[in-house]
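Me: I want to know what stands behind each label used for this model. Walk me through the calls one by one.

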Amino acid sequence: HKWFKPNYIINQFIQGSSKKEPEFMNILTIKEKEIALMIADGLSNKDIASLEKSALSTIKGHIKNIFQKAGVSDRLSLALKFK
């Protein structure tokens, strides 16, 4: 399920929006950053695994690390950090 307009968050950062990147993004790996942005855009784990050409279990591991580093426990809380 998509919570936000597709690619809204990702495009916002690619296009050099004046919005500042959330602080926790500085401690994520490049892959974790990509996945965090996809989560913020509302993509499901299955969608992310397909786009990344990775196993679902690998994506879940990345998401667990992202949540820990961002200090959140769910997808919506993570997405709200980008607002």
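**Labels and their grounds**

Reply: Buried residues, meaning those under 20% relative accessible area with a 1.4 Å probe and protein chains only, make up 40% of the 83 residues in the chain. The model is predicted: local features need pLDDT of at least 70, side-chain atom pairs count only at pLDDT 80 or more, and totals for chains, interfaces and linings use all residues. Residues are numbered from 1 along each chain as its sequence is written, and side-chain values use heavy atoms, with hydrogens and water left out.

Me: How many helices and how many strands are there in the chain?

Reply: Five helices and zero strands. Both are DSSP runs, numbered from the N terminus: helices are H or I of at least four residues, strands are E of at least two. Along the sequence the pattern reads α-α-α-α-α.

Me: What makes the buried residues of α3 lie on the same side?

Reply: Helix α3 spans residues 45-52, and its buried residues are Asn45, Ile48, Ala49 and Glu52. They cover an arc of only 100 degrees around the axis, which puts them on the same side of α3. The arc is that of the directions from the helix axis to the C-beta atoms. On the other side of α3 sit Lys46, Ser50 and Leu51. These three are called exposed because that word means over 50% relative accessible area, with partly exposed in between.

Me: What do the buried residues of α3 pack against?

Reply: α2 (30-40), α4 (56-70) and α5 (75-80). Contact means heavy atoms within 4.5 Å.

Me: What follows α3?

Reply: Lys53, with a positive phi near 55 degrees.

Me: Why does the span of α4 agree with its 15 residues?

Reply: The expected span is 1.5 Å times one less than the number of residues. For the 15 residues of α4 that gives 21 Å, and its end C-alpha atoms are 21 Å apart, so the two agree.

Me: Which residues of α4 are buried, and where do they fall around the helix axis?

Reply: Ile59, Ile63, Ile66, Phe67 and Ala70 are the buried ones. They fall within an arc of 95 degrees seen down the axis of α4, so they line one face of the helix. Ser57, Lys64 and Gln68 are exposed on the face turned away from that buried side. The buried residues of α4 pack against α2, α3 and α5. Gly71 follows α4, and its phi is positive, near 70 degrees.

Me: How many of the contacts join residues at least 24 apart?

Reply: 63% of the contacts in the chain between residues at least 6 apart in sequence.
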